[in-house]
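Biologist: I would like to go through this structure step by step. Please define each term when it comes up.

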Amino acid sequence: MSTLTIDIRHAEPQDAEAIAGTHRAAWSHAYAGILPYKALRHMLERRNIGWWERAVRGSTSILVLDVGGTVAGYATLGLNRARSLPQEGEIYELYLKPEFQGVGLGKRLFNEARQLLESLGCKGVVVWCLEDNHSATEFYRFQGGRDVAEGHETFDGKTLKKLAFVWS
């Protein structure tokens, strides 16, 4: 009998290649049909291994969801960038490879990210996501988030609405 380990830990430089692969799989799955193809392709190409190596060494906290030695997901987090919202912490990204979604791992990663922000002294958390990313908006609502603000982002001339979900 073997045991499958599930661990959430801080990313290390040697995780860059695996995070890049997770990013590519998760974003391709989440944004195909929402973002214009050219914009999505550009974002995927930009977030290559070198980009993730620099990110891991940078000031943003990056957590990885390690399932049996495979980086199945990641979260990036830090201080809230939206001055109009009173929450002090922000989860910038939270993504899982499609094959690891729907079994509670995203909730575990999300809760760990919130706990880390709280341990750093942040009061409240905000997460922004595109309104058309229905699986993400449902996930954040199911986690108790309230959408309290909206904004817009433009990708190759296509303007999309984004929502801010908050937790006290």
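Biologist: Which residues of β2 are buried on one side and which on the other?

Modeller: This is a predicted model, in which local features need pLDDT of at least 70, side-chain atom pairs count only at pLDDT 80 or more, and totals for chains, interfaces and linings use all residues. Residues are numbered from 1 along each chain as its sequence is written, and side-chain values use heavy atoms, with hydrogens and water left out. Helices (H or I, at least four residues) and strands (E, at least two) are DSSP runs, numbered from the N terminus, and buried means under 20% relative accessible area, exposed over 50% and partly exposed in between, with a 1.4 Å probe and protein chains only. Both faces of β2 are covered, with Ser-61, Leu-63, Leu-65 and Val-67 buried on one side and Ile-62, Val-64 and Asp-66 on the other.

Biologist: Over how many bridges does β2 pair with β3?

Modeller: Two strands pair if DSSP finds at least two bridges between them. Val-64 has Tyr-74 in β3 as its bridge partner. The sense of the β2 and β3 pairing is antiparallel, and the count of bridges is 7.

Biologist: Which residue in the hairpin of β2 and β3 takes a positive phi?

Modeller: Most residues other than glycine have a negative phi. The hairpin has 2 residues between its strands, and the positive phi, near 60°, belongs to Gly-68.

Biologist: Is Thr-76 buried or exposed?

Modeller: Thr-76 is found in strand β3, residues 70-79. Contact means heavy atoms within 4.5 Å, and beyond its neighbours within four places in sequence, Thr-76 is in contact with residues including Trp-52, Ile-62 and Tyr-92. Its relative accessible area is 5%, so Thr-76 is buried.

Biologist: Within what arc do the buried residues of α2 fall?

Modeller: The buried residues of α2 are Ala-39, Leu-40, Met-43 and Leu-44. They line one face of the helix, because, seen down its axis, they fall within an arc (taken from the directions from the helix axis to the C-beta atoms) of 135°.

Biologist: Which exposed residues does the other face of α2 carry?

Modeller: The buried residues of α2 pack against α1 and β6. The face turned away from that buried side carries Tyr-37 and Lys-38.

Biologist: Where is Asp-156 placed?

Modeller: Asp-156 is a residue other than glycine with a positive phi, near 50°. Its place is the loop between β6 and β7 (158-167).
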